[in-house]
Each structure stands twice: as C-alpha cells, then as structure tokens.
Amino acid sequence: MTDPIADMLTRIRNALTVKKETVEIPSSKMKQEIARIMLEEGYVKDVKLVEDEYNGKILITLKYTEDNRSVIGGLKRVSKPGLRTYSGAQEMPKVLGGYGIAIVSTNRGIMTDKQAKRENVGGEVLCYVY
C-alpha cells in the first residue's frame, strides 16, 4: 500500500456513505494519532485498539446526528506521497473558515492546525476533516 493514511480516510468515507456504525482500519502509530484527534474534536464517537496476530486494528465508532446524518461532512487528504505539502505556523490553512480542522504532523507530534498555531510550529498538512 502506497498511502495508508489515504486508505484510512477512504475506509471512513465509505463506511459513512453506507451508514455503518463502525469501521476497522489496520493499525499504525500515525493512524492511531489521527483517530485520537478525530475523537477529541468530536468527529467520531469512540476509538478502540484491537490486538490481532499482526499490528492490530483500530475500531472506530462513527458518529451521526439525530436525523441520521454524518457528523463528518468531508475528509480530504492534502499531503500525498508524490507531493508533500508543508505549512509554517503562521500560514496554517483554515478549513471552512475555522469550522473544520487540519491534521498536521509536526516535530512535536501529530496535532490540529489550531494547536500547531498555538505552539508556533509548522509541519506537514496530512488531511482536512470537516
């Protein structure tokens, strides 16, 4: 697999399209951090790590509103393996005028665009969640 983060976002997007309650994703530290940020920001209901004979799996419980619409409006991969996208602390992108989040990989770990701006660090913009 060339781009595991894009695979993760696509699995979540596909599960949301068919209104699934949970989605299973092969685990890695980067994907665990992205799932943790989505949980902290309120885009998913729950994140669990399930051990298996390989690296394990991340079980994400998706979140819907009362009228059965997804809380996540969109997931977009920004930095791709063929074209990396970096941003400084002052040039951090705003997603939907601040309603969405950008997930950024910095030298202090993976964080949201708001946290990176607050800590005055730049990094690779991984994806947008809105």
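How many salt bridges does a search of the whole structure find? The search finds 9 of them, a salt bridge being a side-chain nitrogen of Lys or Arg within 4 Å of a carboxyl oxygen of Asp or Glu. Side chains of opposite charge can pair when their charged atoms come close. The model examined here is predicted, and local features need pLDDT of at least 70, side-chain atom pairs count only at pLDDT 80 or more, and totals for chains, interfaces and linings use all residues. Residues are numbered from 1 along each chain as its sequence is written, and side-chain values use heavy atoms, with hydrogens and water left out.

One of these salt bridges links D3 and R77, with 3.0 Å between the closest N and O atoms. D3 lies in the segment before helix 1 (4–17) and R77 in strand 4 (residues 75–77), so this pair ties together parts that are 74 residues apart in sequence. Helices (H or I, at least four residues) and strands (E, at least two) are DSSP runs, numbered from the N terminus. D3 and R77 are both buried; buried means under 20% relative accessible area, exposed means over 50%, and partly exposed lies in between (1.4 Å probe, protein chains only).

A salt bridge also joins the side chains of E33 and R36, at 2.7 Å from N to O. These two residues are 3 apart in helix 2 (residues 29–40), which means that about one helical turn separates them. E33 is partly exposed, at a relative accessible area of 29%, and R36 is partly exposed with a value of 29%. In another salt bridge, the side chains of R108 and E119 meet at 3.4 Å, N to O. R108 lies in the loop between strand 6 (101–106) and strand 7 (109–112), and E119 in helix 3 (residues 113–119), so the pair ties together parts 11 residues apart in sequence. R108 is exposed, with a relative accessible area of 54%, while E119 is partly exposed at 37%. Salt bridges that share partners also connect E33, R36 and E40 into one network.

Attention now turns to the strands. Strands of a sheet pair through backbone hydrogen bonds, either parallel or antiparallel. In this model, 3 strands form an open sheet in the order 1-3-2, with antiparallel pairing; two strands count as paired if DSSP finds at least two bridges between them. Strand 1 (22–26) and strand 2 are the edge strands, each pairing on one side only. From one strand to the next, the twist averages 20°, with axes taken as lines fitted to C-alpha atoms, for helices over the stretch in contact, and angles running from 0 to 180 degrees between N-to-C directions.

Strand 1 and strand 3 pair over 5 antiparallel bridges, and T22 has T61 as its bridge partner in strand 3. Helix 1 packs on the sheet and touches strand 1 and strand 3, its direction making about 165° with that of strand 1; contact means heavy atoms within 4.5 Å. Helix 2 packs on the sheet too, touching strand 1, strand 2 and strand 3, and its direction makes about 150° with that of strand 2.

Strand 2 (residues 44–50) and strand 3 (residues 57–62) run antiparallel and are joined by 6 bridges. V47 has I60 as its bridge partner in strand 3. Strand 2 and strand 3 form a hairpin with 6 residues between them, and G56 in the turn has a positive phi of about 100°.
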